Amino acid sequence: MFSFAKLVETDEVEDAAPTRARSQRRGASTSLDRVTFAYPGEAAAIASTSLHVDAGELVCLVGPSGSGKSTILNLIAGLLVPTSGRVLFDEEAIRGPGPERAVVFQDAALFPWLTLRDNVEYPLKLAGMPKGERRARSEQLLRMVHLWKFEGSHPHQLSGGMRQRGAIARALATDPAVLLMDEPFAALDAQTREILQGEVERIFQETKKTIVFVTHNVREAVRLADRVVLMGTRPGRILREIAIDLPRPRRIDEERVAWFAADVASEIRSEVEKIAKEEADDAWVAPGGPVHVDPRRNLGSGI
Amino acid sequence: MHDRTVVRAVTTSVVRLLLGYSMALVGGVLLGVALARAKAVKQFVGPLVLGLGSVPSICWLPVAILWFGLSETSIQVVVVLGALLPIAVATETAVRHVPPQIIRAARTMGASGPRLLATVVVPAAFPGILGGAKLGWTFALRSLMAGELLFVSGGLGQLLETGRDLGDTALVLAVVVLIVGLSRLSEWALFGRLDREVARRWGAEPA
């Protein structure tokens, strides 16, 4: 814990200047208006779901697998088209993907044939930014995520956490208004995840971007979010929204974070149990129930 | 004794090979990408490509001679058809196996259409395309030799035939050694380098 605190401190000193100058575009609002999405011939992944994310808000979508968290993200990204309803960005209907809505995927999805720096410059190249400007911007971004030393490395030479930081730098390159993060830290170890959560919070506070963050980790959601959106399954839908009005920066081991997390987790558990029951034909019994049963007691068997 | 003859034969064959192979490479990669990315192309041309792929390219020589006469073009037709189909099939497979997440990521950054193909799909499929290109090179060389053997036109193939006519086993075997040398040279000068570059970037074990 001590070394982590130290790391954050030195980072702030080193990066204070470039991060201030970095972001021009602030967050914009995005929303789903009674959206249903189903793959052809399948049950709806999400059914008649409405969600509004304010400009500069950090919303975490939490729920069990199959609750349509990633579907919502892909709809906002423009990678999926709703079966019915409307998906809006800054009050206008979304027509396909665009660099103003950047995505960070679970597996980073950096291009293996490019160096880290060229990866970060790729969206800038698409946007037609001249070379000199591109070089300056990629340096700034890589310094911000503490990867400047590795600018010439290829993705396979980096650890999972470094790749994910690279993906965040690439996502921020075009200065998007909305950052969509699809379980970005799910494959990382707990320590790395904690550091990256701190990075996301710092970037969020400095850039005022709108962030939609999908996770199945309740504590992560509570630690990061302004608002946690709890999702249920069959069909995917929103069960409850919980405002998390804790001061920032937060820590994963804070008591209040734990308190909120326990509340959200109990609600998710009942949802998961519901699915398990359906799948097991009602024969499934929740483990660790309140009734104490000790098989060795053998009450009455010796009579 | 054969000095001038051999040099001239090697030059003729190499020029033909490079010309035919580069056409096959461009055509094969384009066809492969189209097969993988365009449903209509796959449906209408796909079975044809696989069917024609099973025809040894030398079988095209009679048709080529009927259409183009005893010309360079006829030889090139055989070389191109020999190399094009394996390159196309390998490219198709490689493009199909590009991780969808890579393409999705590129689309969210605003890439689409030909730009997406050129800057993401083809580079991502490059290791597989390289495999097809290597295969295509050996197919091109084989087709060329077959063509030159049957069709008196200079080149290494014809030199083989000359050796047989003169009962000159040494010449015949020397030409075989030259062909092997040609293939090793191309491996050293081109494909080996590309292989190492792919290994460096993708993090595969270098061969």
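1. How many of the residues of helix 2 (residues 69–77) of chain A are buried? Of its 9 residues, 9 are buried, where buried means that 20 or more other C-beta atoms lie within 10 Å of a residue's own, the C-beta atoms being placed from the backbone. Among them are A:K69, A:I72, A:N74 and A:A77. Helix 2 of chain A is followed by A:G78, whose phi is positive, near 90 degrees.

2. On conventions, this is a predicted model, in which local features need pLDDT of at least 70 and side-chain atom pairs count only at pLDDT 80 or more, while totals for chains, interfaces and linings use all residues. Residues are numbered from 1 along each chain as its sequence is written, and chains are lettered from A and ligands numbered from 1 in the order in which they are written.

3. Chain A has 8 helices and 10 strands; these are DSSP runs numbered from the N terminus, with helices (H or I) of at least four residues and strands (E) of at least two. Of the 303 residues of chain A, 40% count as buried. Among contacts in chain A between residues at least 6 apart in sequence, 72% join residues at least 24 apart; a contact requires C-beta atoms, placed from the backbone, to lie within 7 Å.

4. In chain A, 6 strands form an open sheet with mixed pairing, in the order 6-7-8-3-9-10. Two strands pair if DSSP finds at least two bridges between them. Strand 6 (101–104) and strand 10 (237–243) of chain A stand at the edges with a single partner strand each, so one side of each has no neighbour in the sheet. From one strand to the next, the twist averages 20 degrees.

5. Within this sheet, strand 7 (residues 178–182) and strand 8 (residues 210–215) of chain A pair in the parallel sense over 5 bridges. A:L180 has A:V212, in strand 8 of chain A, as its bridge partner. Helix 5 (residues 160–173) of chain A lies across strand 6 and strand 7 of chain A and runs at about 175 degrees to strand 6; axes are lines fitted to C-alpha atoms, for helices over the stretch in contact, and angles run from 0 to 180 degrees between N-to-C directions.

6. The contact between the chains takes 20 residues from chain A and 15 residues from chain B. On the chain B side, helix 5 (100–108), helix 6 (113–124) and helix 9 (169–202) are the elements giving two or more residues. Helix 5 of chain B gives the most, with 6 residues.

Technical notes
Buried ≥ 20, exposed ≤ 12 C-beta atoms within 10 Å, placed from the backbone. Contact = placed C-beta atoms within 7 Å.
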